[in-house]
Amino acid sequence: MKTPSNYQTTLQTPATTGFTQTTENSPKPQASFHMPDRAALVTRPFGLLTDTAAEAIVQGIAPDLSQVCADLYTALATAGTSASAIQFISILKNLRNPDPAAMRRFMKNPQSRYVLVQNDLLKVVLIRWAPGEYSGVHGHAKGGCVFKVLQGRVEEKRYEPGTKTRPLAVSRFTKGGMAYIDDEMAYHDVGNPYDAMAISLHAYTPGIRK
Ligand SMILES: [Fe+2]
């Protein structure tokens, strides 16, 4: 198991002037986590988890991220009109390694993408990236997106806002690395140029783009 001393977070936010990266080696301990029981999961705790995600978690073929989803939703719900994915940063920063056995099973799971949560306020997606796989260039609405690498390495190519052809920067993120983006900052293309599989968690607000 990784220890706080070898855990690294690479973070990009609007406050870091463009694409500067910072590293922290000693994050705060994560809040205690209580594994929801099977019945609670399939009835969607907090009304958050999608049925498909809840079933996958119960089957052990996707990691149980229900607590972090609840924390993300709570942060938005209490932020009112100032709700932004920036509020996800501290929560995801403290997200430690999901259950290794469930992660191993997710690596072999035929389904490589789960929408864990989708409502007006919040969308959370768990994605496994095969070598060579990319999302394609896209933008994120005003509230923005934060993603975190849970396993392997992920590359993010940024483009001038509103364009898919004017490159701005390329960043590579190892396990624990995070980035924030919204349409005013850039568009981006996220993917995996490496030989090994990668897994990342993506959280957006609003949850449904209108
Ligand atoms: Fe994205």
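Which residue in S4 stands opposite Val115? I looked it up: Val125.

I note that this is a predicted model, where local features need pLDDT of at least 70, side-chain atom pairs count only at pLDDT 80 or more, and totals for chains, interfaces and linings use all residues. Residues are numbered from 1 along each chain as its sequence is written.

**Confidence.** I checked pLDDT (the predictor's confidence in each residue, from 0 to 100). The chain averages 82, and 77% of its residues reach 70 or more. Over residues 1–36 the pLDDT is below 50. I still find 51 contacts (C-beta atoms, placed from the backbone, within 7 Å) for this stretch beyond near neighbours in sequence.

**Sheet.** I took strands (E, at least two residues) and helices (H or I, at least four) as DSSP runs, numbered from the N terminus. Five strands form an open sheet, ordered S3-S4-S10-S5-S8, with antiparallel pairing (at least two DSSP bridges between two strands). Its edge strands are S3 (113–118) and S8 (178–181). S3 pairs with S4 (residues 123–129) over five bridges.

**Helix H3.** I then looked at H3 (residues 66–77). H3 lies across S3, S4 and S10 (198–204).

**Helix H2.** In H2 (residues 51–59) I find Ala53, Ala54, Ala56 and Ile57 buried (20 or more other C-beta atoms within 10 Å of the residue's own, placed from the backbone). On the other side of H2, Asp51 and Gln59 are exposed (12 or fewer; partly exposed lies in between). Gly60 follows H2, with a positive phi near 80°.

Key:
Contact = placed C-beta atoms within 7 Å. Axes fitted to C-alpha atoms, helices over the stretch in contact; angles between N-to-C directions.
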